[in-house]
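Here's a quick tour of a protein–ligand model, written for someone who likes to think in contacts and distances. Have the viewer open as you read.

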Amino acid sequence: MASVGMSPKDEMVARFLDAAARGEVAKVSAMVAQSSSLVDASGENGWTALMLAARNGHADVVNTLLSNGCDKSLANQSGQTSYDIARFWGHKHIAGLLANSKGVDSHHLLPGSSTEGHENYFSREFLDRMSEKRTDGQWLQAKQSSPASVFILFLNLNPLVTSGAEETSESKADFRLCRLRWGSVEELATRPGTTLIFLGVEKQATPPSPSPAGDEDGLTAWFALNTDSDPTEDLRLSNPNGFFLKPFVPRLLQLSSDEAGVVAQARSVLAWHDRYSFCPTCGGRTKVDEGGYKRTCLKEDCRSRQGIHNTCYPRVDPVVIMLVIHPDGNQCLLGRKKAFPAGMFSCLAGFIEPGEAVEDAVRREVEEESGVKVGPVQYLSSQPWPMPSSLMIGCLAVAVSTHIKVDENEIEEARWFTRQQVIDVFTKNNQPTFTIPPRQAIAHQLIKHWIGVHANL
Ligand SMILES: NC(=O)C1=CN([C@@H]2O[C@H](COP(=O)(O)OP(=O)(O)OC[C@H]3O[C@@H](n4cnc5c(N)ncnc54)[C@H](O)[C@@H]3O)[C@@H](O)[C@H]2O)C=CC1
Ligand SMILES: [Mg+2]
Ligand SMILES: [Mg+2]
Ligand SMILES: [Mg+2]
Ligand SMILES: [Zn+2]
């Protein structure tokens, strides 16, 4: 403890050693940030902060000191290193951290791996995709002309909706998809700029009973169409309140969870047809197969027709999105792009590159965008993001360095935010100084998960 007659420097070292001995990780971090030479400073009998934290079993302080570059090989006046001390006092986990040649083992900062019940907007599977029926032309034809089937319509990839709040048990919807019948879209389906795809059938709690309409299996099939010729006038009679949802975001985020899931599937596949209308291998004309899940080149000797080629199937672009946790466990890294609304910060994100594992993409994108180095990575949940075909792979990650240097081409600013600052955003207490994306974005859910996990701290 500090005592009368100490120099200010000795007094600061004494306060620092005391904080480490007591496990006051936030104070240790703050003091190191102010004066980095403290990490290896020693007090009575040559004991350093690392030794005191190891003696008292404070793994979080040990990690913070390691990540700030302390020298773990130092010994006290009795010749004991921090590792010897941790072993002597039975703190095996800390001894493990100190023995680890990479210095930092921060897995304990990641919450347990339970992600059960975690569902993101756009990920609800309201329909059974029935992929085995995509090659059954007769079944598809019968469903297409069945009066029970549902058709949703897009004009240049914007869905036809009606407004009108609908409150379900899980979500409040401001817009609803217009559910059309074959009779209203039959003529449109034959126009050159229109694509029709099969989405699946409504999931049923109990096996369906055959319908009297001669529709043998009683399953309600869903289809989607995208067209480039405005059908508003033709639909005026059957859907006087319908309109195409444009601009698409953020209003698309106001559908019910069920309908958002349907739109995620439909819009991605339709966007693929819209953008890949010619054969990517030979540039020839193609035709739509398998209920819209395949395009086949019409040129019989095209290479894309020998064997299986991913160019013939709808694309999905994997993106990593991660909440990076500070080595002290009490702060997270958020960034903002220039295009974000004023004051909004979000998780860093980036496209996975060819030949790259998820964990490596997380480490690369975080370092590229913020200069921060990342150690352990944990997958949490994923989210289809149909703008047009991203799959957001949501992860938590632990930083092993803390200095920020942003890539100004992509990120305007990145900052460490304390848990309290983030809690203030959720609770709207203490006039939060920033905002985060809405609950429909996986970024929001990752941040919320981190706060929830640490709610007891
Ligand atoms: N749902 C959510 O919470 C969030 C979703 N996102 C989505 O994640 C996506 C990726 O994030 P970014 O930071 O923009 O990625 P990024 O950090 O990799 O940078 C984007 C750049 O990557 C290049 N790129 C590489 N592969 C690409 C591909 N397949 N498609 C388009 N560009 C590609 C382009 O040059 C592009 O400008 C965005 O499109 C955004 O819509 C981003 C943040 C939050
Ligand atoms: Mg990015
Ligand atoms: Mg990037
Ligand atoms: Mg990138
Ligand atoms: Zn071809």
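Which residues are the closest to ligand 1, and how many surround it? This is a predicted model, and in it 16 residues surround the ligand, with Lys 337, Ala 349, Phe 351, Glu 369 and Glu 410 the closest.

| Residue | Part of the residue | Distance to a ligand 1 oxygen atom |
|---|---|---|
| Ala 349 | polar backbone atom | 3.0 Å |
| Phe 351 | polar backbone atom | 2.9 Å |
| Glu 369 | N or O atom in the side chain | 2.7 Å |

On its own, ligand 1 has 850 Å² of accessible area, and the protein covers 60% of that.

Now to the nonpolar parts. The largest nonpolar core has 29 residues, and those touching the most other members are Phe 16, Val 28, Val 61, Val 62, Leu 65, Ile 94 and Leu 98. Helices H1, H2, H3, H4 and H6 each give two or more residues to this core, and H1 gives the most, with six. Leaving out residues up to four places away in sequence, Phe 16 touches Val 28, Met 31, Val 32, Leu 38, Val 39, Ala 49 and Leu 65. There's also a second, separate core of 28 residues, with Val 150, Leu 252, Leu 253 and Val 262 among them.

Last stop: His 273, which sits in helix H10 (residues 257–275). Is His 273 buried or exposed? His 273 counts as buried because its relative accessible area is 2%, below the 20% cut-off. Its side chain reaches the backbone oxygen of Gly 292 at 2.8 Å. Beyond four places in sequence, His 273 also touches Thr 195, Ile 197, Val 288, Lys 294 and Arg 295, along with Gly 292.

Definitions and conventions
Residues are numbered from 1 along each chain as its sequence is written. Chains are lettered from A and ligands numbered from 1 in the order in which they are written. This is a predicted model: local features need pLDDT of at least 70, side-chain atom pairs count only at pLDDT 80 or more; totals for chains, interfaces and linings use all residues. Side-chain values use heavy atoms; hydrogens and water are left out. A nonpolar core is a set of buried Ala, Val, Leu, Ile, Met, Phe, Trp, Tyr and Cys residues joined through side-chain atoms within 4.5 Å. Buried means under 20% relative accessible area, exposed over 50%, partly exposed in between (1.4 Å probe, protein chains only). Helices (H or I, at least four residues) and strands (E, at least two) are DSSP runs, numbered from the N terminus. Contact means heavy atoms within 4.5 Å. A polar contact is a pair of N or O atoms within 3.5 Å; within protein, one must be able to donate a hydrogen and the other to accept it, and residues adjacent in sequence count only if both atoms are side-chain atoms. A residue is near a molecule or strand if one of its heavy atoms lies within 4 Å of it. Accessible areas come from the Shrake-Rupley method with a 1.4 Å probe; for residues, only the protein chains shown count as cover.
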